[in-house]
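Hi there,

Here is the structure I promised to send over. Have a look at it first, and then read on for what turned up.

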Amino acid sequence: MTETTPEITPEITVSAQGLSRRFGAHTVVDDISLELKRGEILGFLGPNGAGKTTTMQMLTGNLAPSAGSIKICGVDMLDQPTAAKAHIGYLPETPPLYRELTVREYVDLAARLHRVAKNARASAVDEALAHCNLSEVANKLVGTLSKGYQQRVGIAQAIVHKPNLVILDEPTVGLDPNQIREIRSLIRELGRDRSVILSTHILPEVESVCDRVVILHHGKTVFGDTIDGLKKFHGGRIVHIGLRRPPTLEVLAAIPGVARVEADGECSFRISFADQCDPTDALVRRAVEESWGLFQLVPAQTSVEEVFVQLTQKDEAAA
Amino acid sequence: MINTIAGKELKALFSSPLAWIVLTLLQLILGFGFLKRLDDFMQIQPQLLQAPNPPGVTELVVVPVYATCAIIMLFAVPLLAMRLIAEERRNQTMVLLMSAPLSMTEIVLGKFCGLLGFLLLIVGVTTLMPLALLAGGRLDFGLLASVVGGIALLAACFAAVGLYASSLTAQPISAAIIAFCLLLGMLLTGETASDGLRERGWTVPAALAQVLSPLKNFESFAKGSLDSYSIACMVLLTAVFLVLSIRRLDAARLG
């Protein structure tokens, strides 16, 4: 195959163009493009069945795309799968663990399979184990470990060969809050000198660790921006207000700064406002002056579902 | 890299009870048959000595041990091979190999070598029985080498068929049944088709049928004749099923 990629610097670790995947007539991933630089953490966000796992399987060479191209550190995944795979560490949704091996044997096997040089192997394994806080269980059988430890063994397997790109599919599912915090800090650490792609359906997770986010819905990219862009998009621009003796919607809408009012129930309202003009003060003042019986005022905690609703609504409006 | 995968497969085999059960039962059955035949041989030895050019202990005692071993492998290999790919699919561990910088060929050859290594261990342990006879007599080493080589080739054929069956499904038991059916089909082909075809003078179909009958090919080794066509048939059969397995794994990626 012709290898003409001098213009691509090694700083770009992933470059995927127009990825699509069909299973029969069913399109699971539809024309997704993404690019990632070294030192960036990309969050794949989406509800179940959005195509996150399928996209990751294609990026890691486990599944051939129906259309599109993938370059990992400048190496084409379809033309030179072995060379491209050497740059990747992958933790699938179900960690691929051999239960009959000890943790050290298992990570050592992963290192061998990734062609870590013989003289560097022992230290690479030790390093990966220490990284994932597995040193004290190194000689236990993988099958006897708890879910949290198994997840960490899965991560150790993905980083033992020091890949340029680490792909983690829902790395925090099924873990307790402490373990989730540990894994997140581990991911942040990984993101310092390599690229990380992680998928999740938890919005705060993306906000706490990722630099960039891609939101998938029905196999399409509905949002792709930096985390700040995401925050701007959904964050802090909605308040929920509860009033025992509410005025009419028109009165609320007339308050300076209020962009839109929706009634959530009889006594509660959802007030959206534009970026710079927060109407909360005015709202409270009016509520007291005209004794609306204010009993609740909460800035909206936008859940990922709401972001989807907004995104899909935006799509429909645009269409 | 093939070594790494082969080593992993051997380790997985020995950490399951199946490998030990197969080794134990095989030794019990072969050991019993061996001693029985040896006993019979001792009784008829005086009469044999009067015949001109009498068959020796290797022909009468040792070769049948390997023939029994071949039949046992027919049943054991599907069970030993079933987990190679099917179980990795079921446990979703196949991803580890598929994501590693390995070609499908390396994965298939590694798994094949792992299983073949175990089968050769069976052959090796079996060979200790005839070698024990050296304590009180002599062996026909030519015939012994021929039959050991034949059973090694037979093991390779069976292992390749078992591996292919395992690549077809994600249920180890289905894989075992498919492998057993394939091997049984080959046994029947060998018993019926090739001779029948040859008698009718259809030499080309007969030659093709012989490729599909590894047990028939093994018989010529058991007679001590190194038939190059038999060797070619067994190597070809092994290669065909290995290539089919590689293609099968590639197809799974393309989905």
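Two residues are taken to be in contact if their C-beta atoms, placed from the backbone, lie within 7 Å. By that criterion, 23 residues of chain A are in contact with 18 residues of chain B. Please keep in mind that this is a predicted model.

The most comes from H5(B), with five residues. Sorted by class, this side of chain B has nine nonpolar, seven polar and two charged residues.

As for confidence, the model scores ipTM 0.85 and pTM 0.83. Chain B has an average pLDDT of 89, and 100% of the residues score at least 70. Among the elements of chain B, helix H7 (residues 141–167) has the highest mean pLDDT (94), and helix H9 (residues 203–211) the lowest (81).

The axes of helix H3 (residues 57–81) and helix H8 (residues 172–199) of chain B come within 8 Å and cross at roughly 150°. Angles over 145 degrees count as roughly antiparallel, so H3(B) is roughly antiparallel to H8(B). Their crossing is right-handed. H3(B) makes the contact through Leu74(B), Val77(B), Pro78(B), Leu79(B) and Ala81(B), and H8(B) through Ala176(B), Ala179(B), Phe180(B), Leu183(B) and Leu187(B). By class, the residues of this contact are ten nonpolar, no polar and no charged.

Best wishes

Note on methods. Residues numbered from 1 in each chain as written. Chains lettered and ligands numbered in written order. Predicted model: local features only at pLDDT ≥ 70, side-chain atom pairs only at ≥ 80, totals over all residues. Helix = DSSP H or I, 4+ residues; strand = E, 2+ residues; numbered from the N terminus. Nonpolar A, V, L, I, M, F, W, Y, C, P; charged D, E, K, R; others polar. pLDDT = per-residue confidence, 0-100. Axes fitted to C-alpha atoms, helices over the stretch in contact; angles between N-to-C directions. Parallel < 35°, antiparallel > 145°, perpendicular 65-115°, else oblique. Left-handed = near helix turned anticlockwise from the far one by under 90°.
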